[in-house]
Amino acid sequence: MATLRISLRPGERIFVNGAVLKVDRKTTLEFLNDVTFLLESHVMQAEDATTPLRQLYFVVQMMIMDPNNSEAARQLFQSSRSLMLKTYRNRDIIDGLTEASELVERNRCFEALKRVRSLIPLEDESLGKTTAAFPPPQPERTELRLAAGGVR
């Protein structure tokens, strides 16, 4: 089992297993078991979901932020992904969508979110956009320490 330490700044929020936590001062959280979380800096606002892959990112984000109501989001993810597979010709995007779908099926939504996010610059390129990928790069603030059992 791995121990995960996350440092948060004053006023920052983190979404943990569907709960929203906000800290009033700099603090470090240490997770001692498996947890699904999303840092506030990685949360996409609805008005920023302006392209198909950004919309898909938003859908996966909803699975993480509201796990009790994720079934509708999962269905929307699968139908959106199916349409995208029929539309996109970029092999990297198609492969990434397939990988993201497999991750969602295995309930590895955080990894699926990261995979979809990695596809956004490819989508921007194919659309001729020069906007920055979402979210903007953040300094790494997580530290993963391995316990005797290793990472699952």
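Trainee: What do the buried residues of H1 pack against?
Mentor: They pack against S2, S5, helix H2 (70–87), helix H3 (91–105) and helix H4 (109–127), with contact meaning heavy atoms within 4.5 Å. Helices (H or I, at least four residues) and strands (E, at least two) are DSSP runs, numbered from the N terminus. Keep in mind that this is a predicted model, where local features need pLDDT of at least 70 and side-chain atom pairs count only at pLDDT 80 or more, while totals for chains, interfaces and linings use all residues. Residues are numbered from 1 along each chain as its sequence is written, and side-chain values use heavy atoms, leaving out hydrogens and water.

Trainee: How many of the H1 residues are buried?
Mentor: 10 of 14, so H1 is mostly covered; buried means under 20% relative accessible area, with a 1.4 Å probe and protein chains only.

Trainee: Which ones are they?
Mentor: In H1, Leu53, Arg54, Leu56, Tyr57, Val59, Val60, Gln61, Met63, Ile64 and Met65 are buried.

Trainee: Switching to the sheet, what's the strand order?
Mentor: S3-S2-S5, an open sheet of three strands with antiparallel pairing. Two strands pair if DSSP finds at least two bridges between them.

Trainee: Which strands stand at the edges?
Mentor: Strand S3 (19–22) and strand S5 (37–39) do. Each has a single partner strand, so one side of each lacks a neighbour in the sheet.

Trainee: And how many bridges link S2 and S5?
Mentor: Three, with strand S2 (residues 13–16) and S5 pairing in the antiparallel sense.

Trainee: Which residue in S5 is the bridge partner of Val16?
Mentor: Phe37 is the bridge partner of Val16.

Note on methods. Buried means under 20% relative accessible area, exposed over 50%, partly exposed in between (1.4 Å probe, protein chains only).
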